[in-house]
Amino acid sequence: GLSWMLSGGEEASSDGRAFLLASSGAAQVQRGPQRLHARQDLGLQAGDQLVLEEGASVRVGFSDDPTFFELKGPAALRLLKTGAAKHVDLLRGEFEASAPAQAGVFAASTPHAELRFGDAVARLQSAKGFSRVEVSRGQVTFTRKSDHKAVRVPSAHYAVAGGDVDLAVRPLDKSAPSEHGPGAVAVVKQVQGQAFLFTKSPADRTPLRAGQAILEKQGLLTEGARAQIVLEYPDRTRIEIGGDTI
C-alpha cells in the first residue's frame, strides 16, 4: 500500500489515515500543544483540530477510500475518527463532504445536530444558533441534538436544526417568482460571494442568484466581508448591500 509522508520526513501515524490534499490562506493544525502550518500532504490524526481564518480553505482526503471534504474559513473542525468509520466535529464554519458508495459511513457533529451518510455529497454549516445541511447528491440523515428528532434529507433538499425554525426537509430549488408577479418588490441584479434569501428566519435560507425576484416580507443575508448584493426596484432605484449584513 501507500505510505503517506509528512514533508519533514515524519511518517503519518498508523491511526491517522487522513491528509491534506490542498491548503490555501491562513490555516493551522492544532495537535495537542503543537501548532502546525497546514500544508499539502500533511498527515492528520484523530484529535487534530483544523483552524481556518476568513478566506482560507483546506481539502482533506483519506488513504483508505476516495472520501474527502473541503473546509472554508472562518472555521474550526476536529477530526474524531479517521479510519473506515470517519467522524468529524464541525465547531464552526462550513464544509462540503463527498463519500462515494464504496466508502464507509461519514459522520459529522455540530453543537446542534448530527449528520450521517454514505454515497452522498452534502454541505454542512455550523453557526452560532443553528446548523444547516444541503444535499446535492444521495441522501443523508440529519438529527437534532435537543430532542434527537431525525429526518432524511434527499438530493436537492435542505434542513435546519436550531434557531427558530422547525426541523423539516425543504427543497433547495423552489420555483422562483417572476419579477412582474404578485408581491414582487425588487429584482437581484448582482450577487457576489455568499448571499442568501430567507422568509422567516435567517437560519432557514436558500442561496441567492442574480435575476431572482424578491417578494414582500422576504429578507436578504450576506456572509463574509466581500459579499455583496445589488437590488433594483421597478423605478430603477438601486440598493447595494455589503458584507455580513441582514
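Is Lys86 buried or exposed? Lys86 is buried, at a relative accessible area of 3%. The model is predicted. The protein has 21 strands and zero helices.

**Overall picture**

- The protein holds 246 residues, and buried residues make up 45% of them.
- The accessible surface comes to about 12200 Å². Carbon and sulfur atoms account for 49% of that surface.
- Take the contacts between residues at least 6 apart in sequence: 43% of these join residues at least 24 apart.

**Salt bridges at Asp64**

- Asp64 forms a salt bridge with Arg17, with an N to O distance of 3.5 Å. This pair links distant parts of the chain, 47 residues apart. Asp64 sits in the loop between β6 (57–62) and β7 (68–82). Arg17 lies in the segment before β1 (18–24).
- Asp64 is partly exposed, because its relative accessibility is 33%, which falls between the 20% and 50% limits.
- Arg17 is also partly exposed, with a relative accessible area of 36%.
- Lys86 forms a salt bridge with Asp64 as well, and the closest N and O atoms are 3.5 Å apart. Here, too, distant parts of the chain are linked: Lys86 belongs to strand β8 (residues 86–99), 22 residues from Asp64 in its loop.
- Lys86 counts as buried because its 3% relative accessible area is under the 20% cut-off.

**The pair Glu134 and Arg123**

- Glu134 and Arg123 meet in a salt bridge, with their closest N and O atoms 3.4 Å apart. The two residues are eleven apart in the chain. Glu134 is in strand β12 (residues 130–137), and Arg123 is in strand β11 (residues 120–126).
- Glu134 is buried, with a relative accessible area of 11%.
- Arg123 is partly exposed, at 30% relative accessibility.

**A salt-bridge network**

- Which residues are linked with Arg123 and Glu134 in a network of salt bridges? Glu94, Glu96 and Arg132 join them in that network.
- Why can such side chains pair? Side chains of opposite charge can do so when their charged atoms come close.

**Points to check in the viewer**

- Start at Asp64, in the loop between β6 and β7. Its salt-bridge partners include Arg17 and Lys86.
- Then go to strands β11 and β12, which hold Arg123 and Glu134.

Conventions: Residues numbered from 1 in each chain as written. Predicted model: local features only at pLDDT ≥ 70, side-chain atom pairs only at ≥ 80, totals over all residues. Heavy atoms only, no water. Salt bridge = Lys/Arg side-chain N within 4 Å of Asp/Glu carboxyl O. Helix = DSSP H or I, 4+ residues; strand = E, 2+ residues; numbered from the N terminus. Buried < 20%, exposed > 50% of the residue type's maximum accessible area, 1.4 Å probe, protein only. Contact = heavy atoms within 4.5 Å. Areas by Shrake-Rupley, 256 points an atom, 1.4 Å probe, with all protein chains shown as cover.
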